[in-house]
Amino acid sequence: MDKTAQSVWKNCLLFIKDNIQEQAYKTWFEPIQSVDLNDNALSIQVPSKFFYEWLEEHYVKLLKVALTKELGPSAKLLYKIRMENTYGNKLPFTEQIPSNNRQPVKTQEVDVPIVQKNPELKNPFIIPGIRNINIDSQLNANYSFDNFLEGDSNRLARSAGLAVANKPGGTSFNPLLIFGGVGLGKTHLAHAIGVEIKDKFPEKTVLYISAEIFTQQYIDSVKKNTRNDFIHFYQLIDVLIIDDVQFLSGKTGTQDVFFHIFNHLHQNGKQVILTSDKAPVDMQDIEQRLLSRFKWGLSAELHQPDYETRISILKNILFRDGVEMPEDIIEYVAKNIKSNVRELEGAIISLIAQSSFNKREVTIELAKQVVEKFVKNVKREISIDYIQKVVSDYFQLDIETLQSKTRKRHVVQARQLAMFFAKKYTKSSLANIGNQIGDRDHATVLHACKTVDNLVTTDKQFRKFVDDINKKLSL
């Protein structure tokens, strides 16, 4: 007997019913109707997009197992979402979306160059053993412009981001480089631009990736002799977002391949968006030809949020979580946590948790306790640049002198201390430390650390230098 959509779905439901709770079955599976069975692809109709998203997030594996039992390993699942048409015509319309956990079905149309001999481009995001070869944007939809609140500290970057989202590749902001300190919203803004572009231009292929993962993918492609496939894949992207581009520092091979990808995208009117913890002029060990391209478009800095912006951020979080809090407590938190948005969010969320879990009323006293503990527990992310600044200020030198080739004793000692504390407080390699502190090699850094260790035990004055600087870095 030939299988029909109804018979296949009926058997799937029997299997599903045995594997989940009755209430969940009634809520999420009884309303579903089977629509069509065509070429091992079962189409099911669901009442809303939320319904589809819930099934994909919570039950996609169960659906795949049930469908494979009925139709074999090549089974596919398609969702048909019936929606009311709000554009004058009263008839509803249907949107069709394929399940993510299925045999490859292109979600974005990509033109492959005819000169490419092997039409099956290898996607560097594919994990061996997983058959899904869709180009996933890697975007987090929770990071949107709606919850990226505008203030004096971020107005330029946010406005430029919106301009790019409205006309990707068509503005003079290409590339758009967003830079600033830790926790100020670089990654949030980068995602928001990508999410907005996907909303306005669904046909565009958008890809978000960190420079660290990009580097690892490149290394893997070299090992597997698929470097050309790697380059061709990235040349297909319409909007490429690279987060923490400063991690390309010192990685010559990765910089070279990114240079070629960047050129191709830029010349073909594609949009490139970069984030960094420093401005192009301050980036160390990045090739000049790449740095010059970073400067082609717009470099927009994110600053620490001012008091009014911090108030707005806190109120937005409370509104989002459905929590009411007295104005004086919001003001207290905003006045006492100034460094960045991430710490601000962490403090207010901790305050909400303390209140709800311990059934305590939110008071100024509770706010003081939470903020005090939170601020004490937040460790400053100490960079090599910051260490050089602290050491230079302590010895009343400028950073250029600290990094210079001079052999004057007090400058040499200051330089050695900077290297010693960079090794102590950062995760950077000896080579990277030496590179950033006057373009020295790793052996020089190792010698500096040994010298400091020896002088601490033999020189009382030098030991005071170490203690004083250590206190400043530990604040």
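Predicted model: local features only at pLDDT ≥ 70, side-chain atom pairs only at ≥ 80, totals over all residues.
Let me begin with the sheet, in which five strands line up in the order S6-S7-S8-S5-S9 to form an open sheet with parallel pairing; strands here are DSSP runs of E with at least two residues, helices are runs of H or I with at least four, both numbered from the N terminus, and two strands count as paired if DSSP finds at least two bridges between them. At the edges are strand S6 (206-210) and strand S9 (298-302), each of which pairs on one side only, and from one strand to the next the twist averages 15 degrees.

Residues are numbered from 1 along each chain as its sequence is written, and side-chain values use heavy atoms, with hydrogens and water left out.

S6 pairs with strand S7 (residues 239-243) in the parallel sense over five bridges, and valine 206 stands opposite valine 239 in S7. Helix H9 (residues 252-267) packs on the sheet, where it touches S7 and S8, and its direction makes about 145 degrees with that of S7; axes are lines fitted to C-alpha atoms, for helices over the stretch in contact, and angles run from 0 to 180 degrees between N-to-C directions. Helix H6 lies across strand S5 (176-180), S6, S7, S8 and S9, and runs at about 150 degrees to S5.

Which residues carry the "binding site" feature in UniProt? The unreviewed entry places that feature at Gly183, Gly185, Lys186 and Thr187, and such annotations, given in the numbering used here with shortened feature names, may be inferred rather than shown by experiment.

Lysine 186 sits in helix H6 (residues 186-200) and counts as buried because its relative accessibility is 9%, buried meaning under 20% relative accessible area, exposed over 50% and partly exposed in between, with a 1.4 Å probe and protein chains only. Threonine 187, also found in H6, is partly exposed at 27% and, leaving out residues up to four places away in sequence, touches Tyr208 and Asp243, contact meaning heavy atoms within 4.5 Å.

Finally, serine 276 belongs to strand S8 (residues 271-276) and, at 0% relative accessibility, counts as buried. Beyond its neighbours within four places in sequence, the contacts of serine 276 include Lys186, Gly180 and Met283, and a polar atom of its side chain lies 2.8 Å from the backbone oxygen of lysine 278.

Notes. Polar contact = N/O pair within 3.5 Å; in protein donor to acceptor, adjacent residues only side chain to side chain.
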